[in-house]
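Here are my notes for a first look at this model. Please read them with the structure open beside you.

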Amino acid sequence: MVRYIFLEDLHFMPYSELLIKPMREDLSLNGIKETRTPEAVDEAVNNTSGTLMIVVNSVCGCAAGKARPGVVQALQHSVKPDNVITVFAGAD
């Protein structure tokens with residue numbers, strides 16, 4: 001028997017801030033502005049001049065092993081976006 005689970009039927013608990021604090025800091029300590037609400041992301045998308053890069057941070061291994069280090073390294077390059085923000089999946 002196949003049972004389907006629909007996203008609207010699931011109740012997600014946000015990740016503990018203690019767990020994700022170091023993951024947030026991987027980006028925020030490197031000058032990336034945190035956005036913590038959908039409204040803050042909308043504000044940045046709609047009212048930022050120049051180029052905007054949005055980094056969706058996460059607790060997954062891909063973010064830890066590739067995304068966060070890759071973003072930090074990329075921002076050391078001379079060619080980079082005018083603005084960079086981050087939002088944390090499952091928490092913000």
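1. Start with the buried side of helix α3. Its buried residues are Ala63, Arg68, Val71 and Val72. Note that this is a predicted model. The cover over these buried residues includes α1 (17-28) and β2 (52-57).

2. Next, the length of α3. The helix runs over residues 61-74 and has 14 residues. From its first C-alpha to its last, α3 reaches 19 Å. That is close to the 20 Å expected at 1.5 Å a residue.

3. Where does α3 have its kink? Look at Ala67, where the kink is about 30°.

4. Now the surface. Val45, Ile54 and Val56 form a nonpolar patch there. Together they have about 250 Å² of accessible area. Val45 sits in helix α2, which covers residues 38-47. Is Val45 buried, partly exposed or exposed? Its relative accessible area is 46%, so Val45 counts as partly exposed, because that class lies between the 20% limit for buried and the 50% limit for exposed.

5. Then the overall layout. The chain has three helices and three strands. Along the sequence they follow the pattern α-β-α-β-α-β.

6. Take the contacts in the chain with a separation of 6 or more: 79% of them join residues 24 or more positions apart.

7. Last, the totals. The chain has 92 residues, and 23% of them are buried. Its accessible surface comes to about 6800 Å². Carbon and sulfur atoms account for 59% of that surface.

Conventions: Residues are numbered from 1 along each chain as its sequence is written. This is a predicted model: local features need pLDDT of at least 70, side-chain atom pairs count only at pLDDT 80 or more; totals for chains, interfaces and linings use all residues. Side-chain values use heavy atoms; hydrogens and water are left out. Patches are made of residues with over 30% relative accessible area and no salt bridge: like charges are joined within 9 Å, nonpolar side chains (Val, Leu, Ile, Met, Phe, Trp, Tyr) within 5 Å. Accessible areas come from the Shrake-Rupley method with a 1.4 Å probe; for residues, only the protein chains shown count as cover. A salt bridge is a side-chain nitrogen of Lys or Arg within 4 Å of a carboxyl oxygen of Asp or Glu. Helices (H or I, at least four residues) and strands (E, at least two) are DSSP runs, numbered from the N terminus. Buried means under 20% relative accessible area, exposed over 50%, partly exposed in between (1.4 Å probe, protein chains only). The expected span of a helix is 1.5 Å times one less than its number of residues. The bend at a residue is the angle between axes fitted to the seven residues ending there and the seven starting there. Contact means heavy atoms within 4.5 Å.
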